[in-house]
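Subject: Structure handover

Hello,

Here is the structure we talked about. Please open it beside this email and follow along.

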Amino acid sequence: MRRARLCIWGVFALTALVATVQRGVLSRSHTTFPIFRQSFHHLVAGSDLYAAYPAEQGNRPQDRFKYSPTAALFFAPFAQVPFAFGLLLWNLLNVTALLFALERVLPPAPAAAAQLLVFPSTLAAVQSSSSNALIAALIMLAFAAISDGRHKLGAALVATGALIKIFPLAVLTAAWGRPNRLRFAVTVIGAFGVLVALPAAVSGPADLLRQYQSWWGMISADAHDLAFGYSTMQLIRVLTRGDFPSWPIQVIGTLLLLLPLGVRRDAMRDPPSRLQFLAFLMVYVVLFNHQAEFQSFVIASAGMAVWFVSGRRTVVRAVVVACCLIGFTTVPFSIVWLMMLSDLVLPAPQAVRRTIDPATSTATPRLDLVA
């Protein structure tokens with residue numbers, strides 16, 4: 001098992017290296033990492049993070065920084081070194097964080113299987129220099145920390161992830177029905193407060209306030225973009241030829257996300273069910289994100305992989321998973337998400353339920369929970 005693990009980690013590291021050569025040495029036409037890198041310099045200089053910088057970041061409408069000012073500060077280590085080296089560090093951070101997170105929530109053999117299943121979408125994410133593999137890792141690590149009762153770590157991971165992309169906020173559902181919920185809520189608010197104010201150390205409070213005002217304007221404009229992305233809302237708009245806002249479908253999706261927590265509150269306290277809910281949540285945050293991109297599906301793929309290796313494995317499930325691996329499109333992931341919902345709301349009888357057994361590589365997940 002150790003040799004297999006080293007091989008998997010080696011393949012992912014090689015992928016990061018190849019993507020770095022492709023995007024940072026042979027060509028620099030791809031704009032994602034330059035946008036990340038320049039955001040730190042703009043923050044320090046007091047320039048508007050969310051303005052257009054055609055000479056630095058490209059001249060397309062999407063060639064703009066869209067993350068929080070705190071995220072711009074997070075990119076400091078990658079902005080202070082030569083371009084190609086910074087890109088290599090960024091790519092390695094993404095792939096190693098994802099591999100580590102899968103090993104954190106699954107036993108060795110299922111974790112290795114999940115890592116192989118998520119490789120195609122990881123390749124797509126790394127080739128685009130996106131942050132999605134890192135976000136997937138933060139979601140899993142935050143969920144595990146909250147489930148273990150490590151509230152400070154969980155709050156810090158949720159806040160860190162949410163200030164890069166909003167997805168990790170959904171992890172707060174992991175606190176549903178857990179003890180010390182009020183204390184955890186205060187911890188989360190405190191973590192957000194510290195991280196939101198942190199960029200003032202390099203930009204000053206007044207400039208930081210202007211950055212947040214500009215960021216809000218960017219977010220508000222994006223919310224009205226109905227033609228972009230691979231979300232469930234966009235799929236329904238295409239199929240119905242309709243033109244309606246995203247929020248009604250997002251509300252329905254959120255209610256379905258919370259349904260298992262309401263109808264099976266006691267069952268959601270056992271490790272296998274909570275692991276399945278984690279997988280369910282990871283697919284949700286992509287399908288119901290109105291700005292979901294092709295490379296965002298590494299998050300959904302990680303959830304799909306956790307669900308497949310830790311639950312019942314049937315021919316039908318294998319076929320649907322294969323469709324996800326081939327295309328990473330909204331339709332097969334929507335089918336997977338509905339199957340996950342069925343598992344959580346209408347679980348199979350105990351006699352035929354299959355969970356992972358560490359001793360046989362098919363066992364109770366590593367997601368340790370506080371009773």
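What volume does the second largest pocket have? The second largest pocket holds about 210 Å³. Its lining has 13 residues, and the closest to its centre are Thr-232, Ile-236, Phe-288, Ser-334 and Leu-338. Helix 13 (232–240), helix 14 (247–263) and helix 18 (330–345) are the elements that give two or more residues to this lining.

Some ground rules. This is a predicted model, where local features need pLDDT of at least 70 and side-chain atom pairs count only at pLDDT 80 or more, while totals for chains, interfaces and linings use all residues. Residues are numbered from 1 along each chain as its sequence is written, and side-chain values use heavy atoms, with hydrogens and water left out.

On a 1 Å grid over the protein atoms alone, a pocket is an open set of points with protein on both sides within 12 Å along at least five of seven lines. A cavity is a set of points where a 1.4 Å probe fits but cannot get out. Lining residues have an atom within 4 Å of a point. Grid points are joined across faces, edges and corners, and a volume is the space filled by probe spheres set on the points.

The structure has two cavities of 30 Å³ or more. The second largest cavity contains about 60 Å³ of space. Among the residues that line it are Trp-176, Arg-178 and Met-268.

Next, helix 2. Helices are DSSP runs (H or I, at least four residues), numbered from the N terminus. Helix 2 covers residues 32–45, 14 residues in total. It reaches 20 Å from first C-alpha to last, close to the 20 Å expected at 1.5 Å a residue. (The expected span is 1.5 Å times one less than the number of residues.) A kink of about 25 degrees is centred on Gln-38. Buried means under 20% relative accessible area, exposed over 50%, partly exposed in between (1.4 Å probe, protein chains only). Phe-33, Phe-36 and Gln-38 are among the buried ones. Gly-46 follows helix 2, with a positive phi near 80 degrees.

On to the rings. The whole structure has 18 aromatic pairs. Rings of Phe, Tyr and Trp (its six-membered ring) pair if their centres lie within 6.5 Å; planes under 30 degrees apart are stacked, over 60 edge-to-face, the rest tilted. Phe-65 and Phe-75 have ring centres 6.4 Å apart and planes at 80 degrees, so they are edge-to-face. Phe-65 and Phe-75 are both buried.

Last, the loop between helix 13 and helix 14. Phe-244 lies there. The charged end of Arg-237 sits over the ring of Phe-244, 5.6 Å from its centre. (This needs NZ of Lys or CZ of Arg within 6 Å of the ring centre and within 35 degrees of the ring normal.) Phe-244 is partly exposed, at 25% relative accessibility. Arg-241 lies in this loop too. Arg-241 is exposed, at 80%. Its phi is positive, about 55 degrees, although Arg-241 is not a glycine.

Best wishes

Key:
Bend = angle between axes of the 7 residues up to and from the residue.
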